[in-house]
Amino acid sequence: MKRYKFLGAALLGATIMVGSVTSCSDSGYLDINYNPDYPTTANYKQLFPAAEASTVAVLGLYGQLTGNFWCQYATQGNSTNQYNTLANYSVTTSSSYPPVKPLWDNTYANALKDLKLAVASAEGEKVWNYWMVSKILMAYNYLVLTDTYGDIPFSESLDIEEKPNPIFEDSKTVVYPGIISMLDEAIAKYDDAVVAEKSYPIGGTLDCFLGGNLAKWKSFAKSLKLKMYLKDFETHKADVESLLSEGDLLEDDCAWTAWTDATNKANPLYEYNIRQLNTTENMRACHTFVEYLLANRDPRIVYLYEQTAVSKSVYSNTEDLIEHMDQCYEGLPCGTKPSTSIIKISQSSRVKQAYNDPVYLMNKAECELMISEAYARLNNVDKAEEYYNKGILAGFDRWGLDGTDFVTGVYKFDKTDMLKNIARQYWLTYAGANSYDGWLTRNRLGYPEVQGAITVRKSNKPGERTLSDGYKLGNLVDPGASNLATGGFPMRLIYPTSTSLYNTAAIKYIKENGNDITKKLWWEK
């Protein structure tokens with residue numbers, strides 16, 4: 001169980017999470033005081049929670065940062081510099097913001113390696129419930145990798161002794177079918193898993209995502225398949241119809257919520273960005289998203305952003321904040337920190353964060369919208385509208401709000417442009433949830449569109465909300481000092497140095513195929 005150098009070492013995010021997981025796992029395996037040389041043996045009961053922790057460490061910190069900035073929910077504060085490179089698409093082969101290196105290194109060297117061992121351990125002892133959930137989480141991690149980078153090491157990726165230079169395999173024709181096979185194998189073991197659960201219960205403390213609920217893990221696996229099929233709908237039309245006919249898709253959150261308000265035991269982004277940095281002012285509301293929420297009088301703005309410091313002496317309770325949102329919430333222009341002479345810290349809104357913010361693998365509203373999209377692509381307008389409305393309601397319900405008036409009002413289903421309608425709601429519901437998926441979904445559907453060489457507003461002065469001539473509300477814009485050409489947008493992460501340094505197959509692949517952040521993956525618009 002040693003770590004494998006060609007994939008890179010464990011990273012900061014996983015270190016942050018070590019203390020957190022002890023509150024979720026009874027095994028003691030991830031005790032922060034444990035031997036740092038790593039244990040020589042472990043079984044499924046220790047390995048599965050470890051893999052969950054590795055998964056949430058990177059996605060909950062680096063993934064959330066990337067999604068927040070690239071979906072333009074957030075931008076860099078104008079008194080700090082922490083995320084300037086992320087905000088402006090300045091990416092290197094060793095970047096942590098976005099997680100070029102952390103996502104690759106941690107997923108291969110930690111999460112997937114632990115899951116491979118967990119599957120083998122559970123299979124050897126015929127503990128099929130652990131086998132099933134480990135297989136599903138393995139499929140999920142491979143999906144994140146291939147949807148982020150494109151072609152990746154897959155069939156040879158976890159056998160360093162026999163395959164020290166794992167080849168890069170085609171995402172569409174090899175990796176995707178391989179992931180689908182993993183999910184099908186896991187689903188097929190469901191009945192055996194239910195039997196095994198009686199003798200070897202996973203329980204809530206050993207599974208921080210779905211509390212050991214095998215039915216929900218099965219539904220999650222089926223929803224992962226749906227997410228994959230939607231990327232190549234015409235090829236998988238019959239598969240989509242079959243999934244919809246079977247039902248039993250996930251219509252719930254799949255999220256880690258087991259956080260404690262203590263050092264190294266909180267949500268990883270909160271732990272890093274709020275508790276550990278020397279400032280809390282880095283992540284501020286972005287004009288792109290704030291102006292859209294304000295224009296539609298969307299009360300979720302109250303739960304996504306802090307009110308401005310200058311408004312606190314006037315408005316305090318939630319009802320007043322919603323009624324007077326124009327005066328209580330203000331964004332900054334997208335990109336490198338703007339001059340404090342434009343909008344001061346006291347005049348802009350900080351992105352709201354809490355120690356107990358969930359880290360999602362999927363959120364309930366997203367699940368409903370995927371079903372809506374599937375029906376829309378099948379031209380079943382009534383079903384598409386039904387699940388679209390359910391998605392909106394779920395997105396509001398996350399914050400304890402009733403979205404009924406929005407279903408019949410400003411977010412009413414548009415039967416003439418269903419996919420664009422649904423894409424907009426994806427964008428809205430990923431905010432404050434799994435925003436990394438928001439970036440991937442934007443690239444898949446092409447919405448929100450990117451408008452180059454334009455700003456959201458004519459003025460950056462506080463409260464002056466007139467939109468720039470030609471700007472369409474809800475579209476993304478070029479960040480200030482963008483590292484890309486006009487209208488350019490990150491379509492993938494580039495391969496990290498940590499793979500090309502040690503893997504000759506990676507060197508060859510990158511030389512032949514390039515390593516460009518704007519190169520579209522096979523499923524992207």
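Is N475 buried or exposed? Select N475 and take a look: this residue is buried, with a relative accessible area of 4%. Keep in mind as you click around that you're looking at a predicted model.

**Stop 1: around N475**

You'll find N475 in the loop between strand 7 (450-451) and strand 8 (476-477). Now show what surrounds this residue. Leaving out residues up to four places away in sequence, N475 touches T288, R424, P448, E449 and Q451.

**Stop 2: another asparagine**

Next, select N296, in the loop between helix 11 (287-295) and helix 12 (301-304). N296 has 14% relative accessibility, so it counts as buried, the cut-off being under 20%. Then bring up F406, V410 and Y411, which are in contact with N296 once its neighbours within four places in sequence are set aside.

**Stop 3: a pair of rings**

Time for some aromatics. Select F69 and Y83 and show their side chains. The ring centres are 5.5 Å apart and the planes sit at 65 degrees, so this pair is edge-to-face; the cut-off for that label is over 60 degrees. F69 belongs to helix 2 (residues 44-70), while Y83 is in the loop between strand 1 (74-76) and helix 3 (84-87), and the pair links these distant parts of the chain, 14 residues apart. How accessible are the two partners? F69 counts as buried at 2% relative accessibility, and Y83 counts as buried at 0%.

For a group of rings, select Y44, F48, Y130, Y140, W217 and F220: ring pairs link them into a cluster.

**Stop 4: charges over rings**

Now pick K218 and Y190. The charged end of K218 sits over the Y190 ring, 4.6 Å from the ring's centre. Then jump to R442 and F489, where R442 lies over the face of F489, at 4.6 Å from the ring centre.

**Stop 5: the second largest pocket**

Finish by selecting K352, Q353, D357, W399 and G432. Of the 23 residues that line the second largest pocket, these lie nearest its centre. The space in this pocket comes to about 420 Å³. Helix 2 and helix 12 are the elements that give two or more residues to the lining. Which helix gives the most to the lining of this pocket? Colour helix 2 to see the answer: it contributes 3 residues.

Conventions
Residues are numbered from 1 along each chain as its sequence is written. This is a predicted model: local features need pLDDT of at least 70, side-chain atom pairs count only at pLDDT 80 or more; totals for chains, interfaces and linings use all residues. Side-chain values use heavy atoms; hydrogens and water are left out. Rings of Phe, Tyr and Trp (its six-membered ring) pair if their centres lie within 6.5 Å; planes under 30 degrees apart count as stacked, over 60 as edge-to-face and the rest as tilted. Helices (H or I, at least four residues) and strands (E, at least two) are DSSP runs, numbered from the N terminus. Buried means under 20% relative accessible area, exposed over 50%, partly exposed in between (1.4 Å probe, protein chains only). A charge sits over a ring if NZ of Lys or CZ of Arg is within 6 Å of the ring centre and within 35 degrees of the ring normal. Contact means heavy atoms within 4.5 Å. On a 1 Å grid over the protein atoms alone, a cavity is a set of points where a 1.4 Å probe fits but cannot get out, and a pocket is an open set with protein on both sides within 12 Å along at least five of seven lines; lining residues have an atom within 4 Å of a point. Grid points are joined across faces, edges and corners, and a volume is the space filled by probe spheres set on the points.
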